[in-house]
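Work through the exercises below with the sequence and the structure at hand. Each task is followed by a solution in steps.

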Amino acid sequence: MPTTLIGVWLPLLVLATLMSWSEKQEGDTMIHPCSQAEKALLKTKFYPFWLDDPDAPKAADKLTSDVSCDLLIVGAGFTGLWAAIQAKEADPNRKVIIIEAGTAATGASGRPAAILSTSVMHGLSNAQRLFPNDISRLEELGKQNIDGFRDAIDKFKIDCDLEWSGELTVAVGEAGMADVEKEYSLYGEYGHDVELLNKESLEKEITSPLFNGGVWSKQRSGIVNPAKLAWGLRRAAGELGVTVYEYTPMVSSELTTNGVQVATPEGKINANKVLLATNAFAAGDKRIKRRVAAIRDRIVVTEPLSPEQLALIGWEHRQGIYDTRTQLNYMRLTKDNRILFGGRLGYFFNNDTDPSADKLANAYLPLVENFYRTFPMLRDISFSHAWSGPIGLTTRMAVHYQSYHQGKMLYAGGYSGFGVTASRFGARVALAKLDGEDTEETRMAFATELPGYIPPEPFRWLGAKITMYCLDTVDEKGGWRHWWIKMVEKIGFPVTQNELG
């Protein structure tokens, strides 16, 4: 290793090791054996609540022969399913195949909080940061996209517990009001139906000693069951004539005279075009990971609240909620009145998308403690499910496109957490780019520019470890953590913005 790299790597390694030691010490001192948080997780299932459903559809057959198609889609998450549906709606004669390494929705699409938003660029603030010249048009496209999202659910009669309840950003303490007021101004500037709430008004919507005010966006936003949505989209794709093969991972690809040949364990697919809808998993080409990191976001879900417990917190309008903490938390209700509470980020070496550490109670203790601080009146409640999910994080924090095999294979991903509705838009633009269409969207900067490179391992792990530690502790301890976070954001990662929708 060159001397210059050693000079950079060793101090970072020492600092990351100290962070790990400090996290352990704080865990030992802050969360004692037999604490309420530990008791609340004793019977928890470390598996996504959304996927733990007896009505989950039967898996499709795997591919066991050689086939051909006009369009091959790799990945049966939201991007892949929306792409398949829109491709068939545009051209019913187009032969479309989806292959999926597992089953539909078992990756990132069956794991989010699924708070719906009009934004296709990870929120107004992020769109303003990235594309100030295009933000007005991107907001219009986002509204059109979510209207199309609603229409598709109605058209295909998808039962997905959809509630158009709005989204609410709440200020944690007086310090958070500046963020809320800025968001209120942005929403108003771009034509959203929003209400600014002071502490008294907010208490009529949601009760927590931490919250000091909020901004409620009332239209074109809400909550949904993401697994039911994905399963419904898979059914709709099948009804349109799309062939789905599950338990069929992509092994390799090569350019051919007529397109791209994709190899799977038991068969080959000759496709005119290939869409890599693999998001955080970044499957399809090793170069994708140069710009995409698989960050883990953790979620816990309570047992169903009784009517008495629900009355303690209010929440009559059932909005999806984000708070303004540096390491933010988000929350929502399920159909049977459980509280989903999430937001503690993590990263595992080499983009590990199935870390064993996230299947243990210790990973969720800080999140449960944050839940109790947010809702102390529910401190006796237990948690039925806990899980983590991969976020395809980029310096853009929103969808981008990477082209391979002379433009015949395209990667679309990197939503960085806001992909439940934005994936429909991302898929539509991806199809236009694959087909060489000259449209307004394909000419816009978001479709032609790439996010920045992310350092390789071990620098990626070292940087992520220090950054996650800073996010967890900066609000309480400040100091050098502010400097580190500012440096990370200057590099291009807006890590203090909302992560998961």
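## Charges over rings

**Exercise 1.** Find which ring Arg-150 lies over, and which ring the charged end of Arg-291 sits over.

Solution. Step 1: Arg-150 lies over the face of Trp-164, and the distance to the ring centre is 4.2 Å. Step 2: the ring under the charged end of Arg-291 is that of Tyr-453, with 4.0 Å to its centre. The model is a predicted one, and these distances are computed from it.

## Confidence

**Exercise 2.** State the mean pLDDT of the chain and locate stretches where the pLDDT is under 50.

Solution. Step 1: the chain has a mean pLDDT of 91, with 92% of its residues at 70 or more. Step 2: residues 1–14 stay under 50, and the model gives them 11 contacts beyond four places in sequence. Step 3: residues 21–32 are also below 50, and this stretch has 11 contacts beyond near neighbours in sequence.

## A buried arginine

**Exercise 3.** Place Arg-424 in the secondary structure and describe its surroundings.

Solution. Step 1: Arg-424 belongs to helix 11, which covers residues 419–434. Step 2: Arg-424 is buried and has no salt bridge. Step 3: Glu-89 is the nearest side chain of opposite charge, at 5.9 Å; a salt bridge requires a nitrogen–oxygen distance within 4 Å. Step 4: apart from neighbours within four places in sequence, Arg-424 contacts Trp-82, Gln-86, Asn-145, Gly-148 and Phe-149.

## Aromatic rings

**Exercise 4.** Give the number of aromatic pairs, then classify the pair of Trp-483 and Trp-484 and the exposure of each partner.

Solution. Step 1: there are 13 aromatic pairs in the structure. Step 2: for Trp-483 and Trp-484 the centres are 6.0 Å apart and the planes make an angle of 65°. Step 3: planes over 60 degrees apart count as edge-to-face, so the pair of Trp-483 and Trp-484 is edge-to-face. Step 4: Trp-483 has 53% relative accessibility and therefore counts as exposed. Step 5: Trp-484 has a relative accessible area of 8%, so Trp-484 is buried.

**Exercise 5.** Locate Ser-208, decide whether Ser-208 is buried or exposed, and list its contacts.

Solution. Step 1: Ser-208 is in the loop that runs between helix 7 (199–203) and strand 6 (211–217). Step 2: the relative accessible area of Ser-208 is 4%, so Ser-208 is buried. Step 3: not counting residues up to four places away in sequence, Ser-208 touches Thr-374 and Phe-375. Step 4: Phe-375 is part of a cluster linked by ring pairs, together with Trp-315, Phe-341, Phe-371, Tyr-372 and Phe-383.

Definitions and conventions
Residues numbered from 1 in each chain as written. Predicted model: local features only at pLDDT ≥ 70, side-chain atom pairs only at ≥ 80, totals over all residues. Heavy atoms only, no water. pLDDT = per-residue confidence, 0-100. Contact = heavy atoms within 4.5 Å. Helix = DSSP H or I, 4+ residues; strand = E, 2+ residues; numbered from the N terminus. Buried < 20%, exposed > 50% of the residue type's maximum accessible area, 1.4 Å probe, protein only. Lys, Arg positive; Asp, Glu negative; His and termini not counted. Phe/Tyr/Trp six-rings, centres within 6.5 Å; stacked < 30°, edge-to-face > 60°. Lys NZ or Arg CZ within 6 Å of the ring centre and 35° of its normal.
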